[in-house]
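Here are my notes after a pass through this model. Have the coordinates open while you read.

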Amino acid sequence: MIVSLPESPQAIADATWADLEPLYESLVTAPITNPREWLMEWSKLEEVIEEAGTLAMIAYTCDTSDAAKEAANLRWSSEIFPQAVEMQVRLARRLVESGYSEHGLETVLRGFRTDIEIFREENVPLFSELETLVAAYQKITGGLTVDWNGEKKTVPQLQPFLKDRDRVTREKAFRLGAQAYLEKRDEMASLFDQMYEKRQQVARNAGFADYQAYAFKSKHRFDYTPDDCASFHQAVEATVAPAVERLMEHRRKRLGVDTVRPWDTQVELEGARPLKPFSDVAGLIGPARRVFEQLDPELGAQFNRMADEKLLDLDSRPGKAPGGYCTKLSWRGMPFIFMNAVGVPDDVSTLVHEAGHSFHDFASHRQPFVWQRSVSHEAAELASMSMELLAAPYLGLPTGYYPPDEARTAQMEHLEDVLVTLAHIASVDAFQAWIYTSGQGADAAARDAAWLDIRTRFERGVDWTGLERERVSRWYRQLHIFEYPFYYIEYGIAQLGALQLWRSSLSDPKGTVRKYRDALSLGGTVSLPEMYRTAGAKLIFSAQEMGELVSLVESELEKLRGGA
């Protein structure tokens, strides 16, 4: 035993960096007589430290109003983890210099070499300061509420009203949600000013021209480039944006309105009333158990275990951070799902999406080292977005949530959302590229203007006349831009991969699930293209191949509409 490991993450919940640094130092100074044994000791240390910090993050996002939880999260995110990065680079350097490797460790070592190359000690305090700014953004957004007919509601709790049959109700909900962010626009813009400058400084310190170039390197994007992303944007503009415009024209006709306004984009076009797949969290979890059991018994058992061990926090409530995520508890070998359910079909999609991440965590945990269980975002999102499509046939009763007609409506809504989301992804990624490469990203007014210009390229068929400020507010709601810069194109790459799996599943559902699980079990031991090949997909950036998938989605939508 090289390191005196903590007995559990809870044992170091209150630890400071001064408490943890000696554990890393013991690995820095220990002779590497048996590289695999030394590496396993380091892996076990990372498991327990990662989980302790993750538990602090979970506690804070579940209740951003609690000062003690906020302080604990900040201690881990802005004090401990940035300091740990420096130690991790020192340890990675020792391993690389030892010359040790083994089958399945090649991609990990490639990542280590990259981390060593770009690490700069002067960036450590900058990352700490960035985490403090991220926590401030989370506190602002987690505290946003609106007055709905005398009742205080969170912004996510307005979602059901955006689906209401009454257009006046929808407009009111839309305007209240946008106004909540607009009232905090200056405060959030000031936070982003600081984030922008610190990120650009990180890049300059590491020898990069801008933060985009640094981000691609730090995210280990070995298999595609900024130019590929620009090709993705162009392909979306050529194939997806016109398809979305056709969707909106269909919507305009069905609603019988002169133009589609932003508050018209989410109301269901079928049925007498909005879909309400469940009324409480128990009604969300129960059918999900059956859906996953029907899809695949092992996946069903994994989800049941999470539910039984209370590793799901699904309801929306005041003080809870917005959004949804799945994170892993590395020491326990278990995932945790967080979301803000309010009783709409999007909540079912979100739970299924995050469950796909959890299945990835279960599968990859079989790998021996903690780094082999971590995957790139492009691989992670393939797991989640594919699960949305693979689970879709089981969402109807008696297995899932909906009677037959409503199941058809939910499936149409999901496929429409695939196209709308691809256009949104392209706009978010193009916007981030503009922010960090245009030379104008430090100017808050220029950012807002650029968002409007870029949004117009990709979002067609919706009438935003007189709503420019509300349209601007959308990017302030996109937490990735604030918290995880350049984490968004992954969703687009993965969505195209998921559509390829869905295409295969239409003729071979069981075989597709088998390939899906085989790909997840690889964890981080192979390259991104190889992981996609194992699943039965490939990376797509061209308009021709993207267009084929868009046509398939539109064709399936026509079939579903014909079943009305």
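The points below go through the strands, the voids, a salt bridge and some backbone details.

1. Ground rules. This is a predicted model, where local features need pLDDT of at least 70, side-chain atom pairs count only at pLDDT 80 or more, and totals for chains, interfaces and linings use all residues. Residues are numbered from 1 along each chain as its sequence is written, and side-chain values use heavy atoms, with hydrogens and water left out.

2. The open sheet. Three strands line up as β3-β5-β4 with mixed pairing; helices (H or I, at least four residues) and strands (E, at least two) are DSSP runs numbered from the N terminus, and two strands pair if DSSP finds at least two bridges between them. β3 (312–315) and β4 (325–329) are at the edges with a single partner strand each, so one side of each has no neighbour in the sheet. Neighbouring strands are turned by 15° against each other on average, direction ignored. β4 pairs with β5 (residues 334–341) in the antiparallel sense over 5 bridges, and T327 has F336 in β5 as its bridge partner.

3. Helices on that sheet. α11 (residues 297–308) packs on the sheet and touches β3 and β5, its direction making about 70° with that of β5. α12 (residues 345–364) also packs there, touching β3, β4 and β5, and its direction makes about 170° with that of β5. Contact here means heavy atoms within 4.5 Å; axes are lines fitted to C-alpha atoms, for helices over the stretch in contact, and angles run from 0 to 180 degrees between N-to-C directions.

4. The hairpin. β1 (residues 145–148) and β2 (residues 151–154) pair in the antiparallel sense over 4 bridges, with W148 bridged to E151 in β2. The two strands form a hairpin with 2 residues between them, and N149 in the turn has a positive phi of about 55°.

5. Cavities. On a 1 Å grid over the protein atoms alone, a cavity is a set of points where a 1.4 Å probe fits but cannot get out, a pocket is an open set with protein on both sides within 12 Å along at least five of seven lines, and lining residues have an atom within 4 Å of a point. Grid points are joined across faces, edges and corners, and a volume is the space filled by probe spheres set on the points. The lining of the largest cavity divides into 3 nonpolar, 2 polar and 6 charged residues (Ala, Val, Leu, Ile, Met, Phe, Trp, Tyr, Cys and Pro count as nonpolar, Asp, Glu, Lys and Arg as charged, the others, Gly among them, as polar). Among the lining residues are H250, R251, E268, E413 and R561, and α14 gives the largest share, 4 residues.

6. The second largest pocket. Its volume is about 190 Å³. L389, L390, P393, W502 and S505 are the closest to its centre of the 15 lining residues. By class, that lining has 11 nonpolar, 3 polar and 1 charged residues.

7. In one of them, R261 meets D463 at 3.5 Å, N to O. R261 lies in the loop between α9 and α10 (281–295) and D463 in the loop between α15 (444–458) and α16 (468–476), so the pair ties together parts 202 residues apart in sequence.

8. Backbone checks. L397 and P398 are joined by a cis peptide bond, with omega about 10°; P398 sits in the loop between α13 and α14. H220 has a positive phi of about 55° although it is not a glycine.

Conventions: A salt bridge is a side-chain nitrogen of Lys or Arg within 4 Å of a carboxyl oxygen of Asp or Glu.
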